[in-house]
Amino acid sequence: MSQPLLSVNNLTMRFGGLTAVDAVSFDVYRNHITAVIGPNGAGKTTAFNCITGFYKPTDGQIVLRHKYDKEFKLEEMEDFRISQHAKVARTFQNIRLFGGMTVLENLMIAQHNHLMKASAYTIGGIFNTPSYQRAQEAAKQKALAWMDRVGITDRADDPAAALPYGAQRKLEIARAMCTDPVLLCLDEPAAGLNPKESEELNALLRSIRDNDDVGILLIEHDMSVVMEISDHIIVLDYGRKISDGNATEVRNDPAVIKAYLGVVEE
Amino acid sequence: MSLHDQTSSSFLPMIKRSVIATIIAFFLFLPTLGIKTSASGGVDGLFLTYRWLLLAIGCGLIFVGRIVYELFWAPKDGVQKPAKAQFGLVKALGSAKVAKTIGPLLLVFAVAFPFLPFSDRYILDLGILIITYVMLGWGLQIVVGLAGLLDLGYVAFYAVGAYSYALLSIHFGFGFWMCLPLAGLLAATWGIILGFPVLRLRGDYLAIVTLAFGEIIRIILLNWRGFTGGSNGLSSIPRPSFFGLPFNQDPGGFAATFGLEYSSMQRIVFLYFLILALAVFTFFVTARLRRLPIGRAWEALREDEIACRSLGINTVNTKLSAFAIGAMFGGFAGSFFAAKQAFVSPESFNFMESATILAIVVLGGMSSQLGVVFSAIAMVGGVELLRQLQFLKVIFGNDFDPSQLRLLLFGLAMVLMMLWRPRGLVSTRMPTVFLKDKKTVSAAMISQGRG
Amino acid sequence: MNYFIQQLINGLTLGSIYGLIAIGYTMVYGIIGMVNFAHGDVFMVGAFVSLITVIIFGVTGTTNIALGIGALILVAAISMFIAGVYGWTIERLAYRPLRGSFRLAPLITAIGVSIFLQNFVQATQGARVKPMSAIISGGFTILEGNDFVVRITYMQILIIVLTFLLMSGFTYLISKTSLGRAQRACEQDMKMAMLLGIDVNTTISTTFVIGAALAAVAGLMYLLYYGVIDFYIGFSAGIKAFTAAVLGGVGSLPGAMLGGLVIGLIEVFFAAYFSSEYKDVAAFSMLIIVLIFMPQGLLGRPEIEKV
């Protein structure tokens, strides 16, 4: 297999005396869906926040590799730079959309850095230069393309907060994809979805994996989603990695069964 | 249930509540309306005057007021009435079409204003004052309304602009058009210097820190006598001229050059159009900025800062740009202020000014430029009306000064207007970009940042 | 050295006053998360009520300490009551209707209330400063050097002791009584507290009343200490007290007191050794420095950003 897209090595995060993530290592590959699972409080979201830069890890290395061997040390980067330069996009467990702004605006904001350059850091934008107009139009088309893919085009001009829950989840993924990521991190994307929406989500994630040349890292509670679409599963419990492998391997790992069901009594 | 039954069944409790309100009012008014401390020049220097009549009037007003409130406004039977239909005008301001019509009409009115029959010098001065506040409001709206950063020290940038103009023109003889961009630039620089360390703070903390900054600048202006003239301020600041033609009776003056009879009004009209032009410039620039990536990022920041960071937006720079651009317009307005008054002193830049501008923005609506116009007219014009209330002297005696009541009623108006419309006159927002049709976003959807 | 000790005493006295005002800020901020901008003006009203009652009792200039203290307790009680009514009314009329509304709204009404109170007092009491001669005069000489005498007046002792007593009383109230429990519950989660049967409105009202009453005591002390007040004293004292609350860590009562002392000391020392014109700049700069480098304050809990 080629070099991993993301290598997490010995990641540790302590809050005061509590060790939320304890020396966890794993790899994420391009065009793969990698799932991190584990019971509540296992440290999944904390690990996630370390990768996306919202927390500074106490210890460990997180390396992201672009093609042509360009490497980023994520643990040393500020959160917005991780998205801007290393091209890691994320969604949130409690959806964080710009609720008072329309669906289209949400997708335009995701292309902020690109558009800022195109507007010559606002100066060209004020005079509405042709190159800015072109960039603005292209950004709109890209937003439209993603709205089509997730199926919310008819709500383009509605405020994001007015969308039903399932559509908000999809919009958040579309918004993350509009930043042109190489790694897409999804924090419980299926939470709160009904079975039909869950099914649509699976299809969407597969299509992103197969067509957009990204690696997907997701945290999930919903085992059916995880087992069905993941190429690779990492199981955390009490901040430690207890299992690592494909769906079948993980499902049959006694450590995993114990963590999820407790000690099986005779 | 008939109206009569309802009234009689709730009559006694209503009286009871009114009596309670009156008792509370009695305690509130006793040490203020009821007893006055006056200086006499004795050993202790103070004696008390008892004003029982005034106290009784105050309590009586509360008693009657409470009954009137209960009869006409209060929720009946503990059930809150559904929100009343908004005033036609207020509601209409929120819709895109109406805004598109009212805006140009207002501009036409503003241009014609100096030539209307009732426009004497006083009215025109008031017009200049209102437009100055509209301009300041639009500047602060970028910071508070769009970026969601609560700035209670905006007047500091107004002061920087005013003193920049004053000092540059006095010491270097720079003309108005030379000073204007410099003043804006200096104010923006100060915006960045002050903003950089504090923009990480949460809303309320930011408010207090900016307030402290405003006060620091005022204290420095007050005490750095060699540079700023201290509390005496700086006077004899050169007045702006009409493309080099001064407004005076000289043969080379404006009137003589155009073959007009000299009148002091010419300068006022000129100043009026000057501030109008500056305000219109502010309007177009801020309206344009809002539709650019930077403006969308400001609003996104107000909606959810963490999401912004996850999308690769440099939130510090984005906030700083809002702060600096807002400050720049404050600087422009300040430099106009100095040119108009030909005199600046720290007194003009106290906290009341910041509070007034902030009230105009919040009352106008966080992202509606038209709302700011109306709230500036209401706040500045309404307060100015109070100056005219000389008849109150008949009630309160001759040493009563209605302009004292001006600020008192201003404070009261701020409270009442916020209670009436917590989200301002125009609470909806207009999308900055659209696919098929532009729909206004209702207030309930709009988030106001993390608080 | 003697000069230094004298300034230390003065600073502690002033700091006690700031600390008492700061408690009102810290409690209100803790419970409903708003900066009660009008709090400084409630302090000012308290000072005026104290002034009026002092004149009514006619106790200025007495050397009988027992009589002086007895009268002062009465004065304090009356101004605490009146200021409490002010605090209650302000919360009920200007803040409660906006609870849970758009977050800037209560701050704007608070500024409005502040402007209103200042000008209400100005209109009814006049704009001139109100001088008053000392109620309790005299004091001890602690140290006597060749060039400088260190004195602590009875007034300063009274202020510091009274502050200490009030502080201990309220710390007890907050940590041990059901009111304190209700307050802490509202602080954590207002909705949940309501569901559990805590009368949230009463709890918040009580918080405002307590804060206002303590501010009134501070107002009395300010009057005694400076011997002169005007309608504008609430503004800068308010900002400094807020600084004290932030410095101590918002939500912490001992923190507010500690912060008050630090701010009082900074102000007095800056005025004594550098420049009295810029002493407010020193206090305000302190606020900025604290917020930037230590936003959780001296005794506050650090805030973890939830993602």
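A: In this predicted model, chain B holds 19 helices and four strands. Of the 451 residues of chain B, 54% count as buried, and among the contacts in chain B between residues at least 6 apart in sequence, 70% join residues at least 24 apart. One residue lets us follow this in detail: Met366(B) sits in the loop that lies between α16 (351-364) and α17 (369-387) of chain B. Although Met366(B) belongs to a loop, it is buried, with a relative accessible area of 10%. Leu146(B) is 220 residues away from Met366(B) along the chain, yet the C-alpha atoms of the two are separated by 6.8 Å. Cys59(B) is likewise buried, its relative accessible area being 10%, and in chain C the residue Cys186(C) is buried with a value of 2%. A search of the whole structure, over all chains, finds zero disulfides.

Chain A can be read through its strands. Strand β1 (residues 6-15) and strand β2 (residues 18-28) of chain A run antiparallel and are joined by seven bridges, with Val8(A) standing opposite Phe26(A) of β2(A). These two strands form a hairpin with two residues between them, and in the turn Gly16(A) has a positive phi of about 60°.

Chain A also contains an open sheet of six strands, in the order β6-β7-β8-β3-β9-β10, whose pairing is mixed. At its edges stand β6 (88-90) and β10 (240-245) of chain A, each of which has a single partner strand, so that one side of each is left without a neighbour in the sheet. On average, and with direction ignored, neighbouring strands of this sheet are turned by 20° against each other. Within the sheet, β3 (residues 33-37) and β8 (residues 215-219) of chain A pair in the parallel sense over four bridges, and there Thr34(A) has Leu217(A) of β8(A) as its bridge partner. Helix α1 (residues 44-51) of chain A lies across β3, β6, β7 (183-187), β8 and β9 (232-237) of chain A, and it runs at about 145° to β8(A). Helix α7 (residues 165-177) of chain A packs on the sheet as well, touching β6 and β7, and its direction makes about 155° with that of β7(A).

Helix α2 (residues 39-57) of chain C has 19 residues and reaches 27 Å from its first C-alpha to its last, close to the 27 Å expected at 1.5 Å a residue. Helix α10 (residues 253-273) of chain C has 21 residues and spans 30 Å from its first C-alpha to its last, close to the 30 Å expected at 1.5 Å a residue. At the start of α10(C), a side-chain oxygen of Ser252(C) comes to within 2.9 Å of the backbone nitrogen of Gly255(C). The buried residues of α10(C) include Leu253(C), Gly255(C), Met257(C), Ile263(C) and Phe269(C), and what covers the buried residues of this helix includes α1 (2-32), α5 (154-176), α9 (233-248) and α11 (279-293) of chain C.

Methods
Residues are numbered from 1 along each chain as its sequence is written. Chains are lettered from A and ligands numbered from 1 in the order in which they are written. This is a predicted model: local features need pLDDT of at least 70, side-chain atom pairs count only at pLDDT 80 or more; totals for chains, interfaces and linings use all residues. Side-chain values use heavy atoms; hydrogens and water are left out. A disulfide is a pair of cysteine sulfur atoms within 2.5 Å. Buried means under 20% relative accessible area, exposed over 50%, partly exposed in between (1.4 Å probe, protein chains only). Two strands pair if DSSP finds at least two bridges between them. Axes are lines fitted to C-alpha atoms, for helices over the stretch in contact, and angles run from 0 to 180 degrees between N-to-C directions. Contact means heavy atoms within 4.5 Å. The expected span of a helix is 1.5 Å times one less than its number of residues. A polar contact is a pair of N or O atoms within 3.5 Å; within protein, one must be able to donate a hydrogen and the other to accept it, and residues adjacent in sequence count only if both atoms are side-chain atoms.
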